[in-house]
Amino acid sequence: MTEPTMDNKVIFQQDTPDGMEEVIRFDKEGFHYRGQFIADAGEAHRLMVEFLKSNSALSPDSSSRFLIERLLAALENEALAHWSCDPAEDPLIADARAYLAQSQ
């Protein structure tokens, strides 16, 4: 019996004159920005925040919160499956969860 394979990934794309361009990808290897693997968590966070700020309204709305919730779920799944760490102990995930816990 063979084990099922999973190819989970989260992709953020941006519309360009040449069509949709992949900007950010989370996959089993980790975080990729514009096709380049980013190993440093601080740099990955900075790039993600920059991308989200440049592609969202000035004031967060429910769709932004939903996007953050989906992103967190994907990060937690990756952490459990591939990074050998407890997502509950990750400070970035904790900060994002605290942000989402605040009233809108």
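1. Ground rules. Residues count from 1 along each chain as its sequence is written, and side-chain values use heavy atoms, with hydrogens and water left out. As the model is predicted, local features need pLDDT of at least 70 and side-chain atom pairs count only at pLDDT 80 or more, while totals for chains, interfaces and linings use all residues.

2. The sheet. You're looking at an open, antiparallel sheet of 4 strands, ordered β1-β2-β3-β4 (strands are DSSP runs of E, at least two residues, numbered from the N terminus; two strands pair if DSSP finds at least two bridges between them). At the edges sit β1 (10–16) and β4 (36–38), each pairing on one side only.

3. β1 with β2. These antiparallel strands share 7 bridges, with β2 covering residues 19–27. Q13 has E22 as its bridge partner, and I11 lies opposite R25.

4. β2 with β3. Here the antiparallel pairing runs over 4 bridges, with D27 opposite G30. Again there's a hairpin, joined through 2 residues.

5. H32. Look for this one in β3 (residues 30–33). H32 counts as buried because its relative accessibility is 8% (buried means under 20% relative accessible area, with a 1.4 Å probe and protein chains only). Beyond neighbours within four places in sequence, H32 is in contact (heavy atoms within 4.5 Å) with V23, I24, R25, D27 and F37.

Note on methods:
Buried means under 20% relative accessible area, exposed over 50%, partly exposed in between (1.4 Å probe, protein chains only).
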